[in-house]
Amino acid sequence: MELNDFIAKFANLFEETDPSSITADTVYSEIEEWDSVMVLLLVSMIDEEYGVIVDVEEMSETETVKDLFEYVKSLH
């Protein structure tokens, strides 16, 4: 599980946001497209790509894309 791969997969969930604007330090809740539908898409992507089920409450305690990556990695 690599951070850059995770960032790319995360960035591809967004339709209107330039993927190159999303980095490890991006506070994902500040992305304009971020909403409850994006949470569901993210949970689904993590399940499909990494085979883990995230707890949305615990996930919400993360702030940056890197924090989210570290959380998912800890479940793997």
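Modeller: Gladly! Let's look at α4, whose buried residues are covered by parts that include α1, α2 and α3. A contact here means heavy atoms within 4.5 Å, and buried means under 20% relative accessible area, with exposed over 50% and partly exposed in between, using a 1.4 Å probe and protein chains only. Please keep in mind that this is a predicted model: local features need pLDDT of at least 70 and side-chain atom pairs count only at pLDDT 80 or more, while totals for chains, interfaces and linings use all residues. Residues are numbered from 1 along each chain as its sequence is written, and side-chain values use heavy atoms, leaving out hydrogens and water.

First, the setting. The protein chain has four helices and zero strands, running α-α-α-α from the N terminus. Helices are DSSP runs (H or I, at least four residues), strands are too (E, at least two), and both are numbered from the N terminus. Of the 76 residues, 41% are buried.

Now to α4 itself, which covers 65-75. Its buried residues are Val-65, Leu-68, Phe-69, Tyr-71 and Val-72. Seen down the helix axis, these residues fall within an arc of 160°, so they line one face of α4; the arc is that of the directions from the axis to the C-beta atoms.

Leaving aside residues up to four places away in sequence, Leu-68 touches Phe-6, Phe-10, Tyr-28, Leu-42, Met-59 and Thr-62.

Of its 25 residues, Phe-6, Phe-10, Trp-34, Leu-42, Leu-68 and Val-72 touch the most other members. At least two core residues come from each of α1 (3-11), α2 (36-50) and α4, and α2 gives the most, with six. In soluble globular proteins, nonpolar side chains tend to be buried together.

Thr-64 counts as buried because its relative accessibility is 14%. Beyond residues up to four places away in sequence, its contacts are Ala-24, Asp-25, Thr-26, Val-27 and Tyr-28.

Tyr-28 turns up again here: ring pairs link it with Phe-10, Phe-14 and Trp-34 into a cluster. Rings of Phe, Tyr and Trp (its six-membered ring) pair if their centres lie within 6.5 Å; planes under 30 degrees apart count as stacked, over 60 as edge-to-face and the rest as tilted. The structure holds seven such pairs. One of them, Phe-14 with Trp-34, is tilted, at 6.4 Å centre to centre and 40° between the planes. Both residues lie in the loop between α1 and α2, so this pair ties together parts that are 20 residues apart in sequence. Phe-14 is buried at 5% relative accessibility, and Trp-34 is buried at 18%.

Methods. Core = buried A, V, L, I, M, F, W, Y, C linked by side-chain atoms within 4.5 Å.
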